[in-house]
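Colleague: Could you walk me through this one? I have the sequence and the structure open beside me.

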Amino acid sequence: MYICICKGITEKQLQEVISARPAHNSKDILKALGIGSDCGTCVEDAINSILQKSSAPIELKDTSNKS
Ligand code: FES
């Protein structure tokens, strides 16, 4: 099953990268495969998959308006 249609990345390919890089953060894993680099609709599902299957920390965007 494809997790990222734009880049043709399957769930299996994502699993292989998660297994090879268990300590990497989710952003690095997505970047390594190019997931989310086109339309971006796959990012939420990909992050959920990473969180379920690895110890990779999720990076949250800082939305505070520090000035
Ligand atoms: S489906 Fe992944 S970038 Fe479009």
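Modeller: Happy to, and let me begin with the residue that heads my notes: with 12 C-beta neighbours inside 10 Å, Pro22 counts as exposed. The cut-offs, with C-beta atoms placed from the backbone, are 20 or more other C-beta atoms within 10 Å for buried, 12 or fewer for exposed, and partly exposed in between. Please keep in mind that this is a predicted model, where local features need pLDDT of at least 70, side-chain atom pairs count only at pLDDT 80 or more, and totals for chains, interfaces and linings use all residues. Residues are numbered from 1 along each chain as its sequence is written.

Colleague: Where is Pro22 found?

Modeller: Pro22 and Ile50 are 28 residues apart in sequence, and their C-alpha atoms are 9.5 Å apart in space. As for its own place, helices are DSSP runs of H or I with at least four residues, strands are runs of E with at least two, and both are numbered from the N terminus. Pro22 is in the loop between helix H1 (11–20) and helix H2 (26–33).

Colleague: Which pattern does the protein follow along the sequence?

Modeller: The secondary structure comes to three helices and two strands. Read along the sequence, they give the pattern β-β-α-α-α.

Colleague: Which residues make up the largest nonpolar core?

Modeller: Of the 67 residues of the protein, 21% count as buried. A nonpolar core is a set of buried Ala, Val, Leu, Ile, Met, Phe, Trp, Tyr and Cys residues joined through C-beta atoms within 7 Å. The largest one has 10 residues in all: Ile3, Cys4, Ile9, Leu14, Ile29, Leu30, Ile35, Cys42, Ala46 and Ile50.

Colleague: And which elements give two or more residues to this core?

Modeller: The core includes Ile3, Cys4, Ile29, Leu30, Ala46 and Ile50. The elements that give two or more residues are strand E1 (2–4), H2 and helix H3 (43–53).

Colleague: Why is H1 oblique to H2?

Modeller: Axes are lines fitted to C-alpha atoms, for helices over the stretch in contact, and angles run from 0 to 180 degrees between N-to-C directions. H1 and H2 pack with their axes 10 Å apart, at an angle of about 130°. Angles under 35 degrees count as roughly parallel, over 145 as roughly antiparallel, 65 to 115 as roughly perpendicular and the rest as oblique. That makes the pair oblique.

Colleague: Which residues of H1 and H2 make the contact?

Modeller: Two residues are in contact if their C-beta atoms, placed from the backbone, lie within 7 Å. On the H1 side these are Gln13, Leu14, Val17 and Ile18, and on the H2 side they are Ile29, Ala32 and Leu33.

Colleague: How many nonpolar, polar and charged residues does the contact of H2 with H3 have?

Modeller: The axes of H2 and H3 come within 10 Å and cross at roughly 120°. Ser26, Ile29 and Leu30 of H2 meet Val43, Ala46, Ile47 and Ile50 of H3. Ala, Val, Leu, Ile, Met, Phe, Trp, Tyr, Cys and Pro count as nonpolar, Asp, Glu, Lys and Arg as charged, and the others, Gly among them, as polar. By class, the contact has six nonpolar, one polar and no charged residues.

Colleague: How do the residues of the contact of H1 with H3 divide, then, and what are the counts?

Modeller: The axes of H1 and H3 come within 11 Å and cross at roughly 45°. Glu11, Leu14, Gln15 and Ile18 in H1 meet Ala46, Ser49, Ile50 and Lys53 in H3. The residues of this contact divide into four nonpolar, two polar and two charged.

Colleague: Which residues does Ser49 touch, not counting those up to four places away in sequence?

Modeller: Ser49 is found in helix H3. With 19 C-beta neighbours inside 10 Å, Ser49 counts as partly exposed. Leaving those sequence neighbours aside, Ser49 touches Ile3, Glu11 and Leu14.
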